[in-house]
Amino acid sequence: MTRPNILVLMVDQLNGTLFPDGPADWLHAPNLKRLAARSVRFANAYTASPLCAPGRASFMTGQLPSATGVYDNAAEFRSDLPTYAHHLRRAGYHTCLSGKMHFVGPDQMHGFEERLTTDIYPADFGWTPDYRKPGERIEWWYHNMGSVTGAGVAEITNQMEYDDEVAHHAKAKLYDLARGKDYRPWCLTVSFTHPHDPYVARRKYWDLYEDCEHLLPRVPAMEYADHDAHSQRIFDANDWRSYKIGDDDIRRSRRAYFANISYLDDKLGEILDVLERTRQEAIILFVSDHGDMLGERGLWFKMSFLDGSSRVPLMISAPGLEPRTVQEPVSTIDICPTLCDLAQVSMQEVMPWITGESLVPYAKGALRTAPVAMEYAAEASYAPMVSLRYGKWKFNACTLDPDQLFDLEADPDELINLADDPAHAGTLSALKAKVDARWDLEQFDAQVRASQARRWVVYEALRQGGYFPWDYQPLQKASERYMRNHMDLNDLETSQRFPQGE
């Protein structure tokens, strides 16, 4: 059996509402638009959890955070959880990662045979929230609104340096794969940190949006008291009272965010160009881990089930999948079984525990009737929150908060909570029953609290005395690169060339 190569292109914090059917027309993203034209486009794809580490662990395993135990950005990703990298590698694939995946814990591979870069964020337990201290704001790592007030232009930043490196190593790997020294099919995951805040962009991309008509959000900032309880907690976690946000701050932040989409588009274009010029064929999947509110209602970043934060772009280009748009809601937990389905790799041994399902039937026109589930149990929450997207409905539940019910067809901005409307009592009751059948919220809360308490003990202990970090250290085998005296120069020059000469 000849298995297809797979190229997974992942970005960070890209708002899915900007991808109603591929990139919005006004975005300067020619490479993504070309990819969209040959892809199945999932217009209503949702993250499993609107935060980096839990969203990514779920995307890789096909399970929600309540199953993975990756509740927040400092929760360990256990080594015994099979990921798509494990499944594909077990079936004979070479699996490789260039870029971010926010693995926490001593296992920094999770099925990848090779990692080309370190991660941009720490691998230890230092970013653990603490439900025992509601309202506590951990200054040294919580988001604050400085990302908004500090928005603007720069030619190099911490994140640009990282993503430049991610793209460089990904292109070098594709050239190396083209040389044909490894007979195995490959799965290369390339994961960028943009357009994640801070909202700072290079001038060439900033200038593309000088006359952009979308620099102010559709729903302007609301009074703090007019927000739902969780949105108020997000404001508090982001230290909003210490900053004064004006329209110019909002325009600069959104302009830089859009500019960084164009920056990413260039990076993705470079990678796809190498793939084409080296005559390699691959399934291509493009996705983000979660979105960004971008100032809608005054909210920024993620941590919310609102569509700006929870909805993500998802596109798949693969043989046998005709380009089309799928409107039914889907989840990032569906990606792991989808990749295995496309590669004809069995997940049978773990399917009883996998929540995600293959998207291949839906890409071919089947109708999805099962609800899409989301969970959130990290900073700005004091108890786990859950959500179901079911048809046109979104239902949010938390033991601390009033229920929320939105009709996304009639109210795409989620401004009208129908939970107390007698006309929708039947819908509310049906969705509450689905939540009760899926989750025991008291048990979920107890699991999160126990995990947090354990991690605080371990983190504080390991920072005493000698410290050995878990951060991934990329291995550069310098003695196997370029020309060395254990190599034959003529063989080397021939084998390293693509295409090879006579």
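Which residues is L7 in contact with, leaving aside its neighbours within four places in sequence? The list is W186, L188, V190, I271, L272, L275, A282, I283, I284 and L285, where contact means heavy atoms within 4.5 Å.

Before going on, a word on the ground rules: this is a predicted model, in which local features need pLDDT of at least 70 and side-chain atom pairs count only at pLDDT 80 or more, while totals for chains, interfaces and linings use all residues. Residues are numbered from 1 along each chain as its sequence is written, and side-chain values use heavy atoms, with hydrogens and water left out.

## The cores

L7 belongs to the largest nonpolar core, which has 84 residues. A nonpolar core is a set of buried Ala, Val, Leu, Ile, Met, Phe, Trp, Tyr and Cys residues joined through side-chain atoms within 4.5 Å. As for "buried", that is under 20% relative accessible area, with exposed over 50% and partly exposed in between (1.4 Å probe, protein chains only). The members that touch the most other members are L7, L9, V190, Y199, F258 and F286. Helix 9 (residues 247-277) gives this core its largest share, 13 residues. Apart from it there's another core of 47 residues, with V8, A45, V70 and F112 among them.

Helices and strands here are DSSP runs, numbered from the N terminus: helices are H or I with at least four residues, strands are E with at least two.

## Strands side by side

Two strands pair if DSSP finds at least two bridges between them. Take strand 11 (314-317). Strand 2 runs antiparallel to it, joined by two bridges, and V40 has I316 as its bridge partner. Strand 9 (residues 282-288) is antiparallel to strand 11 as well, with four bridges; here I284 is partnered with S317. Is strand 11 buried on one face or on both? Both faces are covered: L314 and I316 are buried on one side, M315 and S317 on the other.

There's also an open sheet of three strands, in the order 10-3-13, with mixed pairing. Its edge strands, strand 10 (311-312) and strand 13 (330-331), each pair on one side only. Strand 3 (residues 45-46) pairs with strand 13 in the parallel sense over two bridges, and A45 stands opposite V330.

Now look at helix 8 (residues 229-237), whose buried residues are H230, S231, R233, I234, F235 and A237. What covers them includes strand 14, strand 15 (385-390) and strand 17 (401-407). D228 caps the N-terminal end of the helix. After helix 8 comes D239, with a positive phi near 60°.

D239 leads us to E139: their C-alpha atoms are 9.1 Å apart, although 100 residues separate them along the chain. E139 sits in the loop between strand 5 (114-115) and helix 5 (146-149), and it counts as exposed because its relative accessibility is 55%.

R368 is a loop residue too, between helix 12 (360-363) and strand 14 (372-376). R368 counts as buried because its relative accessibility is 12%. Not counting residues up to four places away in sequence, R368 touches E328, P329, V330, S331, D334, E357, L359 and Y362.

Here are some polar contacts (pairs of N or O atoms within 3.5 Å; within protein, one must be able to donate a hydrogen and the other to accept it, and residues adjacent in sequence count only if both atoms are side-chain atoms).

| Atoms from | Atoms to | Distance |
|---|---|---|
| R368 side chain | D334 side chain | 2.7 Å |
| R368 side chain | E357 side chain | 3.4 Å |
| D228 side-chain oxygen | H230 backbone nitrogen | 3.1 Å |

## Empty spaces

Rolling a probe the size of a water molecule over the atoms shows where empty space is left. On a 1 Å grid over the protein atoms alone, a cavity is a set of points where a 1.4 Å probe fits but can't get out, while a pocket is an open set with protein on both sides within 12 Å along at least five of seven lines; lining residues have an atom within 4 Å of a point.

How many cavities of 30 Å³ or more does the structure hold? One. The largest cavity has a volume of about 40 Å³, and its lining includes F19, R41 and L314. Strand 2 (40-42) and strand 11 each give two or more residues to that lining.

The largest pocket has a volume of about 1,200 Å³. Of its 32 lining residues, E114, A172, K173, D176 and R481 lie nearest its centre. Helix 6 (158-178) supplies the largest share of the lining, seven residues.

Technical notes. Grid points are joined across faces, edges and corners, and a volume is the space filled by probe spheres set on the points.
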